[in-house]
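This briefing covers the secondary structure elements of one protein model and how they pack. The structure comes first, followed by notes grouped by topic.

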Amino acid sequence: MDTGLAGKGVLVTGGSGGIGSACVRAFAAEGARVAIHYRASRERAEELAREIGTAAVLQADLTDETHVERLFAEARDELGQIDVCAAVAGMWPRDDEPVWRLSLARWEEVLRANLTATFLTARGFLQEARRTGHGSLVLVGSTAGRFGEAGHADYASAKAAIQVGLLLSLKNEIVRIAPGGRVNAVAPGWTYSPMTRGELDEDVVERLTRTMALRKVALAEDVARAVVVLSSDELSGHVTGEVVTVAGGMEGRTLHY
């Protein structure tokens, strides 16, 4: 089925990461013109650009509003216009820290890297949508934002804010400036990616998947396909304000004993 994304300008934030790079490849496979954002992983971003045949590799710290403004200006110059933005960039702290010993410094760092970065990205994209009169934005949340995650209340809080309060506000705001503009979100569960490398050994996977109908960890490509579908006006033209959970039927309870 034709996604209608051929020739569209697409910005993927966090495009050098696991889910981000899968999104870049998926959009490129649909014929889109893709700008790859990275914060620190320049070599991975440039290698990916060579793989898909694009020169649009753009660096920015998404917690800095001047960087984000520059990112969107550069992406517009590279792509002509930005039709789609996949706001994938984020960070998950590896160390378990229950709230009673969670430092304010880590709390603020994690919220800034996830919620603030997504807000600034969304603001930049809505400014583009105001200019073009259309657009599709896909945010990336997490099942942690739905079920919580002990030891990571900071991350779970940021993702919950992204896929509920921010998402539902944005889907109503975008149509004021771009009739037909859409904002949706994808909420991945446990996914094989560089962010989870070293965390998903066989014993951990066996325990985690007890809460999932499909007893397997997602691949980054599983998430990327959902992002592409939501981005497409052909496939999801009447879908906005929705969260698609890509987590194998995860529930907040044990399904397998």
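The buried residues of helix α2 are covered by elements that include α1 (18-29), β2 (33-38) and β3 (57-59). Helices (H or I, at least four residues) and strands (E, at least two) are DSSP runs, numbered from the N terminus. This is a predicted model: local features need pLDDT of at least 70, side-chain atom pairs count only at pLDDT 80 or more, and totals for chains, interfaces and linings use all residues. Residues are numbered from 1 along each chain as its sequence is written, and side-chain values use heavy atoms, with hydrogens and water left out.

**Helix α2**

- Within α2 (residues 42-52), the residues Ala45, Leu48 and Ala49 are buried (under 20% relative accessible area, with exposed meaning over 50% and partly exposed in between; 1.4 Å probe, protein chains only).
- They lie on the same side of α2, because the arc they cover around the axis is only 105° (taken from the directions from the helix axis to the C-beta atoms).
- Glu43, Glu47 and Arg50 are exposed, on the face of α2 turned away from its buried side.
- Gly53 follows α2 and has a positive phi, near 80°.

**The sheet**

- Seven strands, in the order β3-β2-β1-β4-β5-β6-β9, form an open sheet with parallel pairing; two strands pair if DSSP finds at least two bridges between them.
- β3 and β9 (243-246) are the edge strands, each pairing on one side only.
- On average, neighbouring strands of this sheet are turned by 20° against each other, direction ignored.
- The parallel strands β2 and β3 are joined by 3 bridges, and Ile36 stands opposite Val57 in β3.
- Helix α6 (residues 153-177) packs on the sheet and touches β5 (136-140), β6 (182-188) and β9 (contact means heavy atoms within 4.5 Å).
- The direction of α6 makes about 165° with that of β6; axes are lines fitted to C-alpha atoms, for helices over the stretch in contact, and angles run from 0 to 180 degrees between N-to-C directions.

**Helix pairs**

- The axes of α1 and α8 (residues 220-231) come within 8 Å and cross at roughly 50°, so α1 and α8 are oblique to each other.
- Angles under 35 degrees count as roughly parallel, over 145 as roughly antiparallel, 65 to 115 as roughly perpendicular and the rest as oblique.
- The contact involves residues of α1 including Gly18, Ala22 and Phe27, and residues of α8 including Ala220, Ala224 and Val228.
- α1 and α2 have axes that come within 11 Å and cross at roughly 20°, so α1 and α2 are roughly parallel to each other.
- The α1 and α2 crossing is right-handed, and Ser21, Val24, Arg25 and Ala28 in α1 meet Leu48, Glu51 and Ile52 in α2.
- Helices α3 (residues 65-79) and α4 (residues 104-132) pack with their axes 9 Å apart at an angle of about 40°, and are therefore oblique to each other.
- The crossing of α3 and α4 is also right-handed; among the residues in contact are Val68 and Phe72 of α3 and Leu120 and Phe125 of α4.

**Arg106**

- Arg106 is found in helix α4 and counts as buried, because its relative accessibility is 11%.
- Not counting residues up to four places away in sequence, Arg106 touches Pro93, Asp95, Glu97, Gly151, His152 and Asp154.

Conventions. A crossing is left-handed if the near helix is turned anticlockwise from the far one by less than a right angle, and right-handed if clockwise.
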